[in-house]
Amino acid sequence: MIKIENLRVTFGQGTPLENNALRGLSLSVPKGQFVTVIGSNGAGKSTFLNALSGEVSVDSGKIIIADKDVTSQATHQRAKLVSRVFQDPLAGTCANLTIEENLSLAIKRGKKRGLSLANKKEYVELFQDRLHNLGLGLERRLQDRIGLLSGGQRQAISLLMATLEPSQLLLLDEHTAALDPKTARFVLELTKAIIEQHKLTAIMVTHSMRQALDVGERTLMLHEGKVAFDISNPEREGLDVPDLLNLFEQNKGEALSDDGLLLS
Amino acid sequence: MSQIAFLGAIETGLIFALVAFGVFISFRVLDFPDLTVDGSFPLGAAVSATLIVGGINPWLATLAAILAGGIAGAITAWMNVRLHILNLLASILSMIALYSINLRIMGRPNVALLGENTILTPLDSIDLPYYVTTPLAFALIALVVLIGLVYFLKSETGLAMRATGENPRMARAQGVSTSVMIVMGMAVSNGLVALAGALFAQSQGAADVTMGVGVIVVGLASVIGGEALIPARTILLAIFACLIGAIFYRLAIALALNADFIGLQAQDLNLVTAVLVAMAIVLPRFKPSFKSSRGEKS
């Protein structure tokens, strides 16, 4: 269960460039729900995810993850509860470390790190098993540097790393946006499968309204740092992109141009 | 070059291998350009020499030197991660401050260790000339540190440290406290450099407040030169390259200064150093173009 209460974030307070990125955003996500988040540029999607992960500290409001108030915790302190896949496929892994080392790093997320060797024999089978599930043949390349892999392969491994250990909340930050369409489809399918398999609570930000409706069971639209609308299954089923635009107009009383959002 | 000069170069190279290990941690692992080194090297020398002259066991004195260096590195890192001073600037501030601190520790610009009991004294009882036993002893120390460092960088904590330097955002997302890693890494780095300073003072028979000038350049020359000689495919190779780089650098310097026909003298040392570092940085870049131009012809 994730509870977010009246979240406010302002960048550059008191300067001419003052930007109210989040203006009192509240949300409650039951355990195991897969939520997709859409919104035009500047709606506060990225700030929202950064606030949840701890990269951005909030001015006011509360973030409660699994009954724990994490509002004032730094990113590394809440890593036990929150895992994340970045938009940039190169951001989630370390290019100069091997696949095995990256996974060994991820298996210790939120746990104490000691002085025993990081790569352990008992991990290898688990790693190979999980890599095999990706269907990319990476299970034979544990000793290869991650930098040798393609963006899509690296994003698949980022996803694997984020879900290697259980977390209370998985954050996906437009994690397919920087990939070519075919790879993006592959990573999205993989995401759906992993979330379903581990019954994860997930929040996925996307630029594509189509994608937002196709995956998950609930869709939020952010606008000017607040929730513009929030629609769950079963009402959400069968909706199309124009319906979302209508919904926005009804809720906000203003029209949103199609191209304010990237449609795909 | 005489045999004594050759072995002397090896000996100094082995001491500076420790500096190279330290510089490898700050510059390569943590991506933290650290000039504290110029202060922590004489700090190690000053602390160990002062304590030895004061009658403290030389091993304890050397340990104290390592601790002092570690604290210096931690303070530099702390200025960076807590006070948000630019990393390079923080290290320059430490370096400057250490100059005064080193003068305070010694109470004068230099401390002689002639006739004192150092960690090298037991070597006198071995029936071999000093210019053979000392390099052997330093080789042993460098090897022990090398093995320890390789193990550490392959440990869970070491892996987190490597991730911190390469991709701090990812490291934090994986639950690594990047601040703690930077402070810890800088402490280890400068502890190693202070150890080198302590050993250098004990083998040269004196600690001097100016002995740190240019140490960072020598350390960097060793790291970069080592990388040019040995491709750093694994952590073991990367650290080993630092060792080889440090020895190779000292030999190159000794060769340049001993080659009478070039006409270089001892005062040209820093100039030769700068030229060698520039060459070590630039030469590897010519390799690919050299290969491709050859490839076009065939």
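Helices (H or I, at least four residues) and strands (E, at least two) are DSSP runs, numbered from the N terminus. By that count, chain A has eight helices and ten strands. This is a predicted model, in which local features need pLDDT of at least 70 and side-chain atom pairs count only at pLDDT 80 or more, while totals for chains, interfaces and linings use all residues. Residues are numbered from 1 along each chain as its sequence is written, and chains are lettered from A and ligands numbered from 1 in the order in which they are written.

**Overall form of chain A**

- Along the principal axes, the C-alpha atoms of chain A fill a box of roughly 60 × 40 × 35 Å.
- Of the 264 residues in chain A, 42% are buried. A residue is buried if 20 or more other C-beta atoms lie within 10 Å of its own, exposed if 12 or fewer, and partly exposed in between, with C-beta atoms placed from the backbone.
- Among the contacts in chain A with a separation of 6 or more, 68% are between residues 24 or more positions apart. Two residues are in contact if their C-beta atoms, placed from the backbone, lie within 7 Å.

**A sheet in chain A**

- Four strands of chain A form an open sheet in the order β2-β1-β4-β5, with antiparallel pairing. Two strands pair if DSSP finds at least two bridges between them.
- The edge strands, each pairing on one side only, are β2 (19-29) and β5 (68-69) of chain A.
- Eight bridges link β1 (residues 2-11) of chain A to β2(A) in the antiparallel sense, and Phe11(A) stands opposite Asn19(A) in β2(A).
- Helix α1 (residues 45-53) of chain A packs on this sheet and touches β1, β2 and β4 (60-65) of chain A; its direction makes about 65° with that of β2(A). Axes are lines fitted to C-alpha atoms, for helices over the stretch in contact, and angles run from 0 to 180 degrees between N-to-C directions.

**Backbone details in chain A**

- Asn6(A), in strand β1 of chain A, is not a glycine but has a positive phi, near 50°. Asn6(A) counts as partly exposed because it has 13 C-beta neighbours inside 10 Å.
- Glu224(A), in the loop between β9 (218-223) and β10 of chain A, also has a positive phi, about 50°, without being a glycine. Its 15 C-beta neighbours inside 10 Å make Glu224(A) partly exposed.
- A cis peptide bond, with omega about 10°, joins Asn233(A) and Pro234(A). Pro234(A) lies in the loop between β10 (226-232) and α8 (241-252) of chain A.

**The largest nonpolar core**

- The largest nonpolar core has 157 residues, and those with the most contacts inside it are Ala17(B), Leu18(B), Val19(B), Ala20(B) and Ala196(B). Such a core is a set of buried Ala, Val, Leu, Ile, Met, Phe, Trp, Tyr and Cys residues joined through C-beta atoms within 7 Å.
- Helix α8 (residues 178-204) of chain B gives the largest share of this core, 16 residues.

**Where chain B touches chain A**

- On chain B, 18 residues are in contact with 25 residues of chain A.
- On the side of chain B that touches chain A, α6 (156-166) and α7 (168-173) of chain B are the elements that give two or more residues; the largest share, seven residues, comes from α6(B).
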